Amino acid sequence: MSSAFKNCRTVMVTGASRGLGLRVVESLVAGSSDPDKIIIATARNPSGAQELQKLAERHPNIHIITLDVVSQESIEKAAQDVDLLVQELGLNCLINNAGINVVANFETVTAEKMLENFHTNSVAPLMITKALLPLLKRAAAKGTGMGIHRAAVINMTSLLGSVELNWGDRAKNFKWYPYRTSKSALNMVTRCMAVDLEADGILCMGLHPGWVRTDMGGPEAPLSPEESISSVLSVIGGLTEKDHGSFLHYTGEPLPW
């Protein structure tokens, strides 16, 4: 894991107060012997993120910043805070991890539930990436090729957003209209950004972390956070030009759109 991220000087993880985001930050700092690596962890309410605060106390290269992903004002303020932290280095890797699951089937879904899930899971990663684009470009200008050694945007998505896989037996479970459609939309946002960011050498892709035992995944999920994160960070660390615009499983295998 440390070798996968050894050439990545600056990393930002959204939604790092709990769940997968927190485990990503933990793994990044545990797997790195470089005290100069800048790890930026965002939380909507940092004072309430006790585990993250304790982690940052032990590792001074973890920087916690406030970010409410559905507030444009908060996004712009966070971008300024990140700029002050990374300075001339720019931002090598943005992991858009923050997300919610508004559970609603055909009978219980409402417009409000759809829009709530869509704003957090689909719109927010786009607006965050837009706000941080100057910092991603700054990092990308220092390298060649594609990957986290240069600049990359990783959108944490889900195979539940795959239109092709939501058919037959696979469609009988998880009839979550807001969540599924928000992840489908995120997949399209990812592909669109990949087209627009390619000229700047910024890799952009979507990654499914697996069904993980977290607050969102629930206790019945088959994957432990440690199993998922180990695979996720290995995949992210190995990304190259061939993975630009892709939709990958945490095993590294391509997923159907």
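In this predicted model, the mean positions of the 23 positive and 26 negative charges of the protein lie 2 Å apart. The accessible surface of the protein amounts to about 12000 Å², and carbon and sulfur atoms account for 53% of that area.

The overall dimensions come next. Along the principal axes, the C-alpha trace spans about 50 × 40 × 35 Å. Of the 257 residues, 51% are buried. The contacts can be described by sequence separation: among those between residues at least 6 apart in sequence, 72% join residues at least 24 apart.

The secondary structure consists of 6 helices and 7 strands. Followed along the sequence, these elements give the pattern β-α-β-α-β-α-β-α-β-α-β-α-β.

Against this background, the aromatic side chains may be considered. How many aromatic pairs does the structure hold? There are 4 aromatic pairs. One of them is formed by Phe106 and Tyr177, whose ring centres are 5.9 Å apart. Where in the sequence do Phe106 and Tyr177 lie? Phe106 belongs to the loop between strand 4 (93-96) and helix 4 (111-140), whereas Tyr177 is in helix 5 (residues 177-197). Because of these locations, the pair ties together parts that are 71 residues apart in sequence.

The two partners can also be described by their accessibility. Phe106 has a relative accessibility of 59% and so counts as exposed, the cut-off for that class being over 50%. Tyr177 has a relative accessible area of 36% and is thus partly exposed.

A further aromatic pair is that of Trp176 and Tyr179, with a centre-to-centre distance of 6.0 Å. The angle between the planes of Trp176 and Tyr179 is 80°, and the pair is edge-to-face. Are Trp176 and Tyr179 buried or exposed? Both residues are buried. Trp176 and Tyr179 also belong, together with Phe174, to one aromatic cluster.

Methods. Residues are numbered from 1 along each chain as its sequence is written. This is a predicted model: local features need pLDDT of at least 70, side-chain atom pairs count only at pLDDT 80 or more; totals for chains, interfaces and linings use all residues. Side-chain values use heavy atoms; hydrogens and water are left out. Rings of Phe, Tyr and Trp (its six-membered ring) pair if their centres lie within 6.5 Å; planes under 30 degrees apart count as stacked, over 60 as edge-to-face and the rest as tilted. Helices (H or I, at least four residues) and strands (E, at least two) are DSSP runs, numbered from the N terminus. Buried means under 20% relative accessible area, exposed over 50%, partly exposed in between (1.4 Å probe, protein chains only). Contact means heavy atoms within 4.5 Å. Accessible areas come from the Shrake-Rupley method with a 1.4 Å probe; for residues, only the protein chains shown count as cover. Lys and Arg count as positive and Asp and Glu as negative; His and the chain ends are not counted. The place of a charge is taken as NZ of Lys, CZ of Arg, CG of Asp or CD of Glu.
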